[in-house]
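The sequence and structure come before the details.

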Amino acid sequence: MTITTTTTMDRLLFGDNQFFGINHMSEEKARSQQMRFQNTDAIMDVLDAAREEGVKTFMCTTHDRVQEVCDRVRKEPARYAGMTFYPCMPYAHKYANAITEEGFLGAVKKFLPETGLLDSVARGTSSFARKDIEGISTLLIDAELKMFTGLRTPVIWMQNVVVDLLSGLGFTEAFRIFADHVRTRYNAEPGFITMNLPRLLDDLDAAGIENPIVCSNINKLGFRMSGGVEGYLDAIEKRPFRAVAMSVFASGALDPREAIEWTCALPNLESIVFGASNRANIASTARLVEEYWPREVTP
């Protein structure tokens with residue numbers, strides 16, 4: 001059975017959807033943001049603003065552009081002291097594009113960590129020979145995490161596109177494989193992103209993963225909450241897991257104050273992940289969370 005440790009997560013995590021043209025309500029806004037953030041300097045300006053407003057954890061995909069962000073942070077360790085990354089994997093388009101452009105072996109060489117190349121290749125080769133899904137899976141995890149070498153990554157997430165596929169297939173053992181590898185090789189906690197919270201909690205129970213960190217859409221409108229608000233609220237109140245809420249503003253359909261007040265009143269909430277493209281919105285969200293989710297004062 002997999003037992004979790006207890007990484008203390010920040011209450012506010014900064015997401016990356018806005019940097020890569022993802023908006024679930026407006027394609028026009030998504031295109032506009034994608035154009036704005038074609039330059040890495042523009043991304044860094046927003047991340048700097050977030051850090052100055054006290055939001056120091058960047059929950060990001062393994063998009064190629066994130067590699068550029070990681071390189072910037074590594075080059076200026078004093079400036080970015082205390083910055084934390086929460087990688088979310090896999091980013092499927094990255095693999096497809098790399099194989100198209102560089103071929104299979106070129107893509108493997110591109111993504112594998114240099115420090116573990118021989119070990120990773122050995123695991124991959126033996127895995128294909130034995131058709132061992134565990135070895136193949138850990139090989140891919142190492143490939144995804146190459147860009148974060150030398151950076152602080154205390155929580156590593158499995159993306160919902162894979163989580164919910166594995167859940168639908170009933171392959172709950174894959175969650176244990178991911179969790180065990182993240183813990184042993186990276187000394188990090190595994191996190192799972194899902195569009196169906198109640199079902200995933202059942203699957204993680206079946207895999208023997210106790211008190212998991214799970215990120216899902218949680219908002220007053222039930223926006224993109226598979227199964228409905230009531231099922232989520234029941235799970236948050238009764239199930240042993242560490243809840244991270246995303247889409248709390250229902251992609252702009254909710255008034256920010258109303259959204260944050262409702263979310264912060266939930267029991268057992270660990271963190272909120274949000275995206276913003278300017279300092280004003282970052283500061284506004286930070287102030288609202290501080291207002292409705294005040295920190296406990298230690299005597």
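## Helices H9 and H10

Leu197, Pro198 and Leu201 of helix H9 meet Gly231, Tyr232, Ala235 and Ile236 of helix H10, a contact being heavy atoms within 4.5 Å. The residues of this contact divide into 6 nonpolar, 1 polar and no charged; Ala, Val, Leu, Ile, Met, Phe, Trp, Tyr, Cys and Pro count as nonpolar, Asp, Glu, Lys and Arg as charged, and the others, Gly among them, as polar. H9 covers residues 197-206, and its axis comes within 9 Å of that of H10, crossing at roughly 40°. Axes are lines fitted to C-alpha atoms, for helices over the stretch in contact, with angles from 0 to 180 degrees between N-to-C directions. H9 and H10 are therefore oblique to each other; angles under 35 degrees count as roughly parallel, over 145 as roughly antiparallel, 65 to 115 as roughly perpendicular and the rest as oblique.

## Basis of the model

The model is predicted: local features need pLDDT of at least 70, side-chain atom pairs count only at pLDDT 80 or more, and totals for chains, interfaces and linings use all residues. Residues are numbered from 1 along each chain as its sequence is written, and side-chain values use heavy atoms, with hydrogens and water left out. Helices (H or I, at least four residues) and strands (E, at least two) are DSSP runs, numbered from the N terminus.

## Helix H11

In H11, residues 256-264, the buried residues are Ala259, Ile260, Trp262, Thr263 and Cys264. Buried means under 20% relative accessible area, exposed over 50% and partly exposed in between (1.4 Å probe, protein chains only). The cover over these residues includes helix H10 (229-238), strands S7 (242-246) and S8 (269-274), and helix H12 (279-292).

Not counting residues up to four places away in sequence, Thr263 touches Ile218, Ala245, Val248, Leu269 and Ile272.

## Nonpolar cores

The largest nonpolar core has 74 residues, and Phe14, Phe85, Phe175 and Phe192 have the most contacts inside it. Such a core is a set of buried Ala, Val, Leu, Ile, Met, Phe, Trp, Tyr and Cys residues joined through side-chain atoms within 4.5 Å. Helix H2 (residues 40-52) gives the most to this core, with 7 residues.
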